[in-house]
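Thanks for coming. I have one structure to go through today, so please look at the sequence and the model on the screen.

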Amino acid sequence: MSNAMLLYAYMSDNELIDKVKAGNKPCFEVLIRRHSQSLYRVGRAYGIAEDDVEDLLQCTHQAGFKRLQRLDKKQPYRLQLLKIMIQNCIDKVQAGVEHTQHNEFEPAARALDAHVLIERMDSTITPAKTLEKHIGHLSQALRTAFVLSEIEGLSIKEVAELQFISESIVKSRLQKAKTEMNKNGNIFHHTEVYPFHRSACDVLVDRVMVGIDADTYQAEKALIPRC
């Protein structure tokens with residue numbers, strides 16, 4: 001992030017959105033950097049490969065930019081982005097994208113228990129990495145509910161609204177996920193899982209801003225009267 005952009009880093013989402021709508025397009029970079037980690041975790045929770053998740057991040061941010069003029073300020077921008085990202089993930093999964101993360105794990109509980117023992121003997125494996133592996137062993141439904149609630153800190157109501165399911169279903173999925181996690185003595189609240197590194201974020205920002213400029217050019221071109 002440039003020094004000029006650091007001046008905007010402490011502004012709220014709505015303040016930044018107002019500036020972008022007023023023509024200060026570079027302020028959108030702050031919004032990209034602020035919310036990409038959460039969006040990335042959601043993509044990984046759906047079992048989508050890293051490269052594909054990064055493509056979905058770009059699509060999500062560009063879609064968010066296009067919607068700024070008709071944004072519902074009563075709902076946090078973060079939740080509106082998450083809703084777009086979740087739909088993008090569902091579309092990707094339904095299109096047959098390989099669930100690489102889920103395939104990394106043995107389905108048998110015995111195999112998982114052996115894997116846990118090996119990890120606990122290896123001091124180089126961090127708690128976050130261990131937690132990632134066990135989250136990956138959950139079914140997609142349990143995994144997404146767990147990440148949204150326990151890692152991202154969303155309320156039961158927010159998770160239900162984002163996934164278009166009832167609050168009782170969210171509670172049931174969370175209980176099942178926690179039961180599975182407790183079998184391996186895992187620490188739930190570890191916010192460093194699925195890190196989206198700064199270097200990757202830098203590349204994403206460039207891709208999104210280039211995409212926005214291209215979209216803006218096409219939109220402006222469409223307004224030019226034809227001879």
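First, the ground rules. This is a predicted model, in which local features need pLDDT of at least 70 and side-chain atom pairs count only at pLDDT 80 or more, while totals for chains, interfaces and linings use all residues. Numbering runs from 1 along each chain as its sequence is written, and side-chain values use heavy atoms, with hydrogens and water left out.

The chain has 11 helices and 0 strands; helices (H or I, at least four residues) and strands (E, at least two) are DSSP runs, numbered from the N terminus. Of its 227 residues, 44% count as buried. Buried here is under 20% relative accessible area, exposed is over 50%, and partly exposed is in between, with a 1.4 Å probe and protein chains only. Among contacts (heavy atoms within 4.5 Å) with a separation of 6 or more, 72% come from residues 24 or more positions apart.

Now helix H10, residues 167–182. H10 has 16 residues and reaches 22 Å from first C-alpha to last, close to the 22 Å expected; the expected span is 1.5 Å times one less than the number of residues. Which residues of H10 are buried? They are Val-170, Leu-174, Ala-177 and Met-181. These four cover an arc of only 65° around the axis, so they sit on the same side of H10; the arc is taken over the directions from the helix axis to the C-beta atoms. On the face turned away from that side are the exposed residues Ser-168, Lys-176 and Asn-182. The buried residues of H10 pack against helices H7 (127–137), H8 (140–151) and H9 (156–163).

Next, H8 itself. Its end C-alpha atoms are 15 Å apart, which agrees with the 16 Å that its 12 residues should span. Of those 12 residues, 10 are buried, so H8 is largely enclosed by the rest of the structure. The buried set includes Arg-143 and Glu-150. The cover over the buried residues of H8 includes H3, H5 (77–94), H7, H9 and H10. Just after H8, Gly-153 takes a positive phi of about 75°.

On to the core. A nonpolar core is a set of buried Ala, Val, Leu, Ile, Met, Phe, Trp, Tyr and Cys residues joined through side-chain atoms within 4.5 Å. The largest one has 57 residues, and those with the most contacts inside it are Phe-28, Val-42, Leu-57, Leu-68, Tyr-77 and Met-85. This core draws at least three residues from each of domain 1 (1–111 + 198–226) and domain 2 (115–190), with bounds from an automatic or database domain assignment.

How many aromatic pairs does a search of the whole structure find? It finds 2. Rings of Phe, Tyr and Trp (its six-membered ring) pair if their centres lie within 6.5 Å; planes under 30 degrees apart count as stacked, over 60 as edge-to-face and the rest as tilted. Phe-28 and Phe-65 have ring centres 5.2 Å apart and planes at 75°, so this pair is edge-to-face. Phe-28 is in H3 (residues 28–45) and Phe-65 in H4 (residues 50–66), 37 residues apart.

Last, His-61, which lies in H4. With 0% relative accessibility, His-61 counts as buried. Leaving out residues up to four places away in sequence, His-61 touches several residues, including Phe-28, Leu-81 and Leu-204.
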